[in-house]
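The sequence and structure come first.

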Amino acid sequence: MRTRRGGRWIEHWEPEDERFWAETGERVARRNLAFSVLAEHIGFSIWSLWSVMVLFMGPEYGVDPARKFFLVAMPTVVGAVLRVPYTFAVARFGGRNWTVFSALLLLVPTSAAAVVMTPGTSYGTFLAVAALAGVGGGNFASSMTNINSFYPLRKKGWALGLNAGGGNIGVPVIQLLGLLVIGTAGAAQPRIVLAVYVPLIVAAAVLAALFMDNLGPVTNDTGAAVDAAKERHTWVMALLYIGTFGSFIGYSFAFGLVLQIQFARTPLQAASLTFIGPLLGSLIRPVGGRLADRFGGARITLGNFAAMAAATGVVIYASTERSLPVFLAGFIALFVLSGLGNGSTYKMIPGIFQAQAVRRGLAGEEAAAYGRRLSGAAMGLIGAVGALGGLGINLAFRQSFAATGSGTPAFVSFLVCYAVCGAVTWAVYLRPVAKGRSAAEPEAAAEARRPVYAEV
């Protein structure tokens, strides 16, 4: 390791080399993963900040339920857009350096929210400040791109699932803090939540500066971004990510409002329930990655979408019958499944491009380099499009409640989405396709039954 451009830079990194990994790579990768998880965790908390702030906004704020749904959607769309430049910032500035900067940037939306959270503030001001929280959503893309570079393909499912899952837990943590504040200090004290996060943000930035590293071999490749955008698999995976991560973040932001509007829960009652789903969905995400490592991401993803469709059916039934216990069971199942699917879909991304390299005749380090090049660029695009699913969910709820007073039509549309995602997963990654040999030959018959991307 040597100093370059004023930071900690590692100039030699070959994670696919098993000897290098055993002697040096694994230890360094785990250290960077740990502090990446911490910084991303805080980023997710700030990204979901307004799902908590709206619970403090009583009638005196003059913001109706429809406008609250739009308010919590603002950070989603900004975070989705920022994921693209954040992806390329890692190679431009270094993973450690960008983690420090992006963590400190979280002080801006936190401080701004502390200033405006008072009755009498205009709705336009709330929208602008809520949009600032989108920087927390951008942190996910840079963190995942950075950790993707540290780990070998055989370990990516677990590592990326752990990184994302640890980050996702930031959603239920800030919701639990909101519950604690409402339950003890009352619904008129939102600034206590914000005051807690200021020192946490500073701590995450300082620890990243002290213990993380930049990878010198990781460089920006604008050609890779163009190539990734041209690959149909990038957009197929973006669709699947809408169904998994888009569901997770959209439901996380909307859950409390749905409970307040459809089931007439008070802010305290809603806050006492909203954290459960995001917490379970976050904790299970690494399991999705682990299962994908063992059984294949496409298989786990297909089964997951089938289960999400079934859980949505339960929620639709509960919504029409006004049964809160059944509704909670179905909705929490959706959170768990969306978290599981998050892990399996992210495992698929590097596997797909590695499989593409092999199918093009590449092997060894050449194939690994091709896979890293395309998967790293694709992750930013996939993460950005997938996050927009959260926007779609909040807008669907807004329209559904405005038109019918119920969330049932929105859930019906989500059910259709999961059915489409499941069908696409099977058709693209699991459907048996013959490889052009005579079916009369036993070997060819076996090959014809084998999915093109069975290794994904």
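A residue counts as buried when its relative accessible area is under 20%, as exposed when over 50%, and as partly exposed in between. The model described here is predicted.

**Cysteines**

The whole structure was searched for disulfides, and zero were found. Cys-417 takes part in no disulfide, and its nearest cysteine sulfur belongs to Cys-421, 4.1 Å away. For Cys-421, likewise in no disulfide, the nearest cysteine sulfur is that of Cys-417, at 4.1 Å. The surroundings of each residue can be given in terms of accessibility. Cys-417 has 27% relative accessibility and therefore counts as partly exposed. Cys-421, with a relative accessible area of 0%, is buried.

| Residue | Relative accessibility | Class |
|---|---|---|
| Cys-417 | Cys-417: 27% | partly exposed |
| Cys-421 | Cys-421: 0% | buried |

**Helices H1 and H9**

Two packed helices are described by the angle between their axes and the distance between the axes. Helix H1 spans residues 18–47 and helix H9 spans residues 170–184; their axes come within 7 Å and cross at roughly 55°. Because of that angle, H1 is oblique to H9. The crossing of H1 past H9 is right-handed.

Which residues of H1 and H9 meet? From H1 they are His-41, Phe-44 and Ser-45, and from H9 they are Gly-170, Val-171, Val-173 and Ile-174. Four residues of this contact between H1 and H9 are nonpolar, three are polar and none is charged.

How values were computed
Residues are numbered from 1 along each chain as its sequence is written. This is a predicted model: local features need pLDDT of at least 70, side-chain atom pairs count only at pLDDT 80 or more; totals for chains, interfaces and linings use all residues. Side-chain values use heavy atoms; hydrogens and water are left out. A disulfide is a pair of cysteine sulfur atoms within 2.5 Å. Buried means under 20% relative accessible area, exposed over 50%, partly exposed in between (1.4 Å probe, protein chains only). Axes are lines fitted to C-alpha atoms, for helices over the stretch in contact, and angles run from 0 to 180 degrees between N-to-C directions. Helices (H or I, at least four residues) and strands (E, at least two) are DSSP runs, numbered from the N terminus. Angles under 35 degrees count as roughly parallel, over 145 as roughly antiparallel, 65 to 115 as roughly perpendicular and the rest as oblique. A crossing is left-handed if the near helix is turned anticlockwise from the far one by less than a right angle, and right-handed if clockwise. Contact means heavy atoms within 4.5 Å. Ala, Val, Leu, Ile, Met, Phe, Trp, Tyr, Cys and Pro count as nonpolar, Asp, Glu, Lys and Arg as charged, and the others, Gly among them, as polar.
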